[in-house]
Amino acid sequence: KVTVSVLYWCAMPPATDAGSSHFAGSALKAAASTRRGASGVNTSVKFEVCVDALMNGCVDAFVQTFTLSHRPPVLVDELARTTFAIPDEALPWVQERLVVAEMARRRGDFRDVLRERGELAQYFEQHGDTAEAVRQHQASLAAAADSLDRTLEGEAEENMALLMERLGRLDEATAHHETRARLAEVSGDAEAKQRAASHLVRAYMQQGEAAVAAQRFDDATALYDKAVDAAKSAGDGEAEAKAYSALGNVTVLKGDMRKALEYQQRFLVVAREANDGHGESVAALEVAKLQDTLGSASEAVASLKTALEVAEANGDIHALNEACKQLGNTYRNMGENMKAVHYYQQHFKVSQDIGDLPTVENARILLGFALGEHHFSHAGNRQGFLSVVCDDLAGQLAWMADGEL
């Protein structure tokens with residue numbers, strides 16, 4: 001009799017007024033009383049929590065508890081074929097959260113609703129049931145919208161956006177972050193607006209990276225532009241610098257080197273203003289690389305020396321190593337082999353300090369070729385290496401004795 005009553009109430013639409021809820025609770029109290037005196041009646045945890053929800057007058061909580069406790073196991077890992085079902089020991093806690101949330105909504109305590117729904121969402125997400133986690137956040141969004149409290153609604157939007165980020169659903173995450181930013185603007189909450197802008201920077205950058213990976217370079221450019229604007233709104237100089245760097249990189253992929261140089265120069269300026277030493281070094285290296293590509297070798301050398309100075313000042317050994325390498329390459333391309341040798345020697349020494357074998361060997365090869373090119377034309381008082389080997393016996397003996405060419 002009790003089981004039939006439960007199934008009947010589950011099939012009924014949720015009560016819309018206090019009288020209906022009271023009637024439902026009275027009916028289940030009577031049914032529960034009958035159950036206590038009957039033999040062979042279902043006394044499972046699932047039955048208990050469903051009955052208890054109705055005895056508290058919470059029909060919506062009853063329906064959700066019944067649905068969650070009686071559904072088949074949810075597939076949470078398709079590869080490993082892992083499933084999840086709420087264990088009996090956790091069902092009372094889940095039911096309590098649902099009951100408290102429903103009662104809080106009736107009282108108009110919408111922040112309590114968000115707290116309870118948030119705990120449920122976290123529980124389901126931790127167990128891999130992301131679809132149910134999303135549904136709990138959707139319930140939070142609905143309650144927050146009914147509250148007419150824009151601050152609360154913004155928090156619900158932020159919680160949903162962060163979940164979507166964790167799930168890799170970047171388009172949806174961005175949409176919720178944008179709504180969060182608009183709500184913060186309307187409510188005049190400067191702190192919330194800044195936080196929303198910071199989240200937006202991250203979301204736009206992630207979307208931009210995905211667009212680059214898919215070779216949708218125009219889409220990536222638009223997203224990185226939005227990231228720049230969001231970073232400015234957040235007052236985050238380092239994030240703004242990174243967005244300009246990304247714009248420069250994607251513009252290189254589009255083949256517009258001059259425009260890419262403008263973005264990287266902006267990256268350099270913003271990184272310097274933000275006192276971002278590593279960013280400034282990286283920016284100077286990128287600027288120099290593009291200047292060299294565009295045929296402005298002298299400007300590239302100046303930029304690389306700036307990168308070298310900043311890297312040394314900040315103890316950034318990797319940026320220092322790259323600056324030495326690029327200076328060597330640039331001077332070698334300019335035909336100034338001894339200057340190239342000077343920086344390749346520094347590159348080799350710093351590579352040894354870093355201790356990465358492939359980097360050390362690459363530095364050794366660059367230094368060897370630069371020395372070889374120099375001696376090929378300058379050995380034996382500029383006679384050249386072949387002349388010394390073929391015609392200059394005294395020069396050969398000096399080389400073998402002293403190691404000097």
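Which helix is threonine 130 found in? Threonine 130 is found in helix α7. Helices here are DSSP runs of H or I with at least four residues, strands are E runs of at least two, and both are numbered from the N terminus.

## Basis of the model

This is a predicted model: local features need pLDDT of at least 70, side-chain atom pairs count only at pLDDT 80 or more, and totals for chains, interfaces and linings use all residues. Residues are numbered from 1 along each chain as its sequence is written, and side-chain values use heavy atoms, with hydrogens and water left out.

## Threonine 130

Threonine 130 has a relative accessible area of 30%, which is partly exposed. Buried means under 20% relative accessible area, exposed over 50%, and partly exposed in between, with a 1.4 Å probe and protein chains only. The C-alpha atom of threonine 130 is 9.8 Å from that of methionine 164. Along the chain the two are 34 residues apart.

## Second largest pocket

The second largest pocket holds about 150 Å³ of space. A pocket is found on a 1 Å grid over the protein atoms alone: it is an open set of points where a 1.4 Å probe fits, with protein on both sides within 12 Å along at least five of seven lines. Lining residues have an atom within 4 Å of a point. Grid points are joined across faces, edges and corners, and the volume is the space filled by probe spheres set on the points.

The lining consists of Val63, Gln64, Thr67, Leu68, Arg71, Arg117, Glu132, Arg135 and Gln136. The largest share, 4 residues, comes from α4. By class, the lining has 2 nonpolar, 3 polar and 4 charged residues. In this scheme Ala, Val, Leu, Ile, Met, Phe, Trp, Tyr, Cys and Pro are nonpolar, Asp, Glu, Lys and Arg are charged, and the others, Gly among them, are polar.

Helix α4 has 12 residues. From first C-alpha to last it reaches 16 Å, close to the 16 Å expected at 1.5 Å a residue. The expected span is 1.5 Å times one less than the number of residues. The buried residues of α4 are Val59, Ala61, Phe62, Thr65, Phe66, Leu68 and Ser69.

Helix α14 (residues 277-293) has 17 residues and reaches 25 Å, close to the expected 24 Å. Of its 17 residues, 12 are buried, so α14 is largely enclosed by the rest of the structure. Among the buried ones are Gly277, Glu280, Leu285, Glu286 and Gln291.

## Salt bridges

Side chains of opposite charge can pair when their charged atoms come close. The count comes to 27 salt bridges, each a side-chain nitrogen of Lys or Arg within 4 Å of a carboxyl oxygen of Asp or Glu. Glutamate 125 pairs with arginine 166, with the closest N and O atoms 2.6 Å apart. Glutamate 125 lies in helix α6 (residues 110-126) and arginine 166 in helix α8 (residues 150-166), so the pair ties together parts 41 residues apart in sequence. Glutamate 125 is partly exposed, at 23%.

Arginine 135 bridges to glutamate 132, with N and O 2.9 Å apart. Both lie in helix α7, 3 residues apart, about one turn of the helix. Arginine 135 is partly exposed at 42%, whereas glutamate 132 is buried at 7%. Glutamate 158 and arginine 180 meet in a salt bridge of 3.0 Å, N to O. Glutamate 158 lies in helix α8 and arginine 180 in helix α9 (residues 170-187), so the pair ties together parts 22 residues apart in sequence. Glutamate 158 is buried at 10%, and arginine 180 is buried at 2%. Salt bridges with shared partners join Glu96, Arg97, Arg107, Asp109, Asp112, Arg115, Glu116 and Glu119 into one network.

## Hairpin and positive phi

Strands β1 (residues 74-77) and β2 (residues 82-84) pair in the antiparallel sense over 3 bridges. Pairing requires at least two DSSP bridges. Leucine 75 stands opposite threonine 83 in β2. The two strands form a hairpin with 4 residues between them.

Most residues other than glycine have a negative phi. Arginine 81, in the hairpin turn, has a positive phi of about 55°. Arginine 81 is exposed, at 57% relative accessibility. Glutamine 215 has a positive phi of about 60°, although it is not a glycine. Its place is the loop between α10 (190-213) and α11 (217-234). Glutamine 215 is exposed, at 62%.
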